[in-house]
Amino acid sequence: QPPMPTEKDRSDPFDLRNLNLDPNDLQNMDTETLNKILEANNINPDVLPKFDASGFQAEMRSSTSASGLPSVDSCTKAPWIPAPKRVPIRPTMNASYPGSGARLSWKLIRAITGHMTSDDAVDEGDLAKQGLVISIKTHYPAHGSNDELFKPFASIDRSVLVLRNPVNAIPSFLSYLYERSNGLENHSTRAPPEYWIEWRDKNFESALFSWVEHTLFWLEHNTKGNLLVIAYEHLINKETGPEDLARIGNFLAESSGIELPQTPQAIPCVWDHVVNSRGAEQPQSHRSGGPKHFAYTDRQIEMTITYLSSLKKMYPEIGAIMDEYVVDTLAIQAYGHSNMASQF
């Protein structure tokens, strides 16, 4: 375990409590400054990815850049999106931890493939069990699914795994639970800080272990060639989302032997239409209220970074995503110290 931060003199200009950082700031920080922040706050540098600033940014850009597709900004009218077909087809699993964009991903899949999707927990009309859908959404083995629900689909040999940084996925899932317990519309309201802190201090470790277990399960469930890993953070970004949508579409087309109804030129506008809810009857999550960024204790941040770093070592193929999550998690810690000190 990396050493825990300790109380020390706040005169150090690099003390996180003295820095008014936004969670985006650390992403663009030079390595020398970042190392000074780590040292000043007793954060073990061994938990960080080994990179120089230019190399890290280049790796992030190369792993997520949208090449060869038109810009989203060029979209001037609603794209053609066919009604989803319900025909016999070879399905792919669409796995994500709760709070990681499951609804968004299946709406994108319908739009890019022109085929129906379903859910292991709510399989309306038994479409998935009848083999009439191109993908089946699941949270297995986390909350929202179980052995009985997943068993009919356990032998499906192709999967898309949508990852989201656990420090954002966990409070998003809690906001969903808060909405349900208070009779609020789904994806409408963030959990208030006091509700989050009480739940966090009782349940964070088990929730983080559940996120890790979910990630490990899907990284091992299918062979590497039969698994596509997508970062939710990239999927919702207009610079990277259209290419990730194209990757999902091509992967599903290969799985099912279909031809995509959307041309490459249309994909950015399809992405924009779905993600930005252009004319949607059910808009994507735009929760209001509650904190912009949910606070964590230093120990919880350290624990998260330790697991993210371990996953990178075990699965180099997701190393770039884990590196990004480590930096984002440190940024949330910095934001918490400088803007939410009363919540720790």
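Analyst: The crossing of α3 and α8 is right-handed; in a right-handed crossing the near helix is turned clockwise from the far one by less than a right angle, and in a left-handed one anticlockwise. This is a predicted model, in which local features need pLDDT of at least 70 and side-chain atom pairs count only at pLDDT 80 or more, while totals for chains, interfaces and linings use all residues. Residues are numbered from 1 along each chain as its sequence is written, and side-chain values use heavy atoms, with hydrogens and water left out.

User: What makes α3 roughly perpendicular to α8?

Analyst: The axes of α3 (residues 102-113) and α8 (residues 241-256) come within 10 Å and cross at roughly 65°. Axes are lines fitted to C-alpha atoms, for helices over the stretch in contact, with angles from 0 to 180 degrees between N-to-C directions. Since 65 to 115 degrees counts as roughly perpendicular (under 35 is roughly parallel, over 145 roughly antiparallel, the rest oblique), α3 is roughly perpendicular to α8.

User: Which residues of α3 and α8 meet?

Analyst: Leu108, Ile109, Ile112 and Thr113 in α3 meet Leu245, Ile248, Gly249 and Leu252 in α8, where contact means heavy atoms within 4.5 Å. By class they are six nonpolar, two polar and no charged. Ala, Val, Leu, Ile, Met, Phe, Trp, Tyr, Cys and Pro count as nonpolar, Asp, Glu, Lys and Arg as charged, and the others, Gly among them, as polar.

User: Why are α6 and α10 called roughly parallel?

Analyst: Their axes come within 11 Å and cross at roughly 5°. That angle falls in the roughly parallel class, and α6 and α10 are therefore roughly parallel to each other. Among the residues of α6 in this contact are Phe204, Leu208 and Trp211, and α10 brings residues including Met303, Tyr307 and Leu311. The contact has 11 nonpolar, three polar and four charged residues.

User: What makes a set of residues a nonpolar core, and which members of the largest one touch the most others?

Analyst: A nonpolar core is a set of buried Ala, Val, Leu, Ile, Met, Phe, Trp, Tyr and Cys residues joined through side-chain atoms within 4.5 Å. Buried means under 20% relative accessible area, exposed over 50%, partly exposed in between (1.4 Å probe, protein chains only). In the largest core, of 50 residues, Leu161, Leu163, Ile170, Trp196, Val229, Tyr296 and Met322 touch the most other members. The most residues come from α6, with 10. Ile230, Tyr232, Ala246 and Ala253 are in a second, separate core of 28 residues.

Definitions and conventions: Helices (H or I, at least four residues) and strands (E, at least two) are DSSP runs, numbered from the N terminus.
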